[in-house]
Amino acid sequence: MTPASAASPDIIRIAAALLIGPDGRTLLVRKRGTEAFMQPGGKIEPHEQPVHALARELDEELGLVIDPAQAIYLGQFAAPAANEPGFVVQAELFQLTIDSGVSPAAEIEEVRWIDPATDGNLTLAPLTRDLILPFYRASLTAIA
């Protein structure tokens, strides 16, 4: 093991969605057998564009079919993984406004719409709690 690899954590590359409903609330999901709620999305396969990974994951996990061209790229965010100790999740984050229903499927056990100004009284994954929700709140303040 080289010193560089010893110092850098293992990275999980994902595409994640900041899904906004018509009422301004945002959708969070909880995987089966876990406690933390997080943005919907999932791992990016080799040679897959992040926005296409997002579309695939949203369809698999929520039955939500999106037009990738409607996804607004917000940037790359990284934080400790909620469910994989010692790993860092590196998310390519996209914002989508949706007005269709979603239902948990695949490994998703529960979905919750929350007011993005709060934590919804939920246990949140570090990426959602520390980066994505504060980023979204700041964007709302900038618009107001």
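User: What is the mean pLDDT of the protein, and what percentage of its residues reach 70 or more?
Analyst: The mean pLDDT (the predictor's confidence in each residue, from 0 to 100) is 91, and 92% of the residues reach 70 or more. This is a predicted model, in which local features need pLDDT of at least 70, side-chain atom pairs count only at pLDDT 80 or more, and totals for chains, interfaces and linings use all residues. Residues are numbered from 1 along each chain as its sequence is written, and side-chain values use heavy atoms, with hydrogens and water left out.

User: Over which residues is the pLDDT below 50?
Analyst: The pLDDT is below 50 over residues 1-7. Beyond near neighbours in sequence, this stretch has one contact in the model, where contact means heavy atoms within 4.5 Å.

User: Turning to Thr-128, where does it lie, and is it buried or exposed?
Analyst: Thr-128 lies in helix α3; helices (H or I, at least four residues) and strands (E, at least two) are DSSP runs, numbered from the N terminus. Thr-128 counts as buried because its relative accessibility is 0%. Buried means under 20% relative accessible area, exposed over 50%, and partly exposed in between, with a 1.4 Å probe and protein chains only.

User: Which side chain is joined to that of Thr-128 by a polar contact?
Analyst: That of Gln-39, at 3.0 Å. A polar contact is a pair of N or O atoms within 3.5 Å; within protein, one must be able to donate a hydrogen and the other to accept it, and residues adjacent in sequence count only if both atoms are side-chain atoms.

User: What about Gln-90: where is it, and which side chain does it meet in a polar contact?
Analyst: Gln-90 is in strand β6, residues 87-97, and its side chain makes a polar contact with the side chain of Gln-76 at 3.5 Å. Gln-90 is buried, since its relative accessible area is 19%. Its contacts, leaving out residues up to four places away in sequence, include Ile-12, Arg-13, Ile-14 and Phe-77.

User: How much space lies in the largest pocket?
Analyst: About 360 Å³. Of the 25 residues that line the largest pocket, the closest to its centre are Ile-14, Lys-31, Met-38, Glu-84 and Val-89. The lining divides into 14 nonpolar, five polar and six charged residues.

User: How are pocket, volume and residue class defined?
Analyst: On a 1 Å grid over the protein atoms alone, a pocket is an open set of points where a 1.4 Å probe fits, with protein on both sides within 12 Å along at least five of seven lines; lining residues have an atom within 4 Å of a point. Grid points are joined across faces, edges and corners, and a volume is the space filled by probe spheres set on the points. Ala, Val, Leu, Ile, Met, Phe, Trp, Tyr, Cys and Pro count as nonpolar, Asp, Glu, Lys and Arg as charged, and the others, Gly among them, as polar.

User: Where is Ala-106, and what is its phi?
Analyst: Ala-106 is in the loop between β6 and β7, with a positive phi of about 50 degrees although it is not a glycine.
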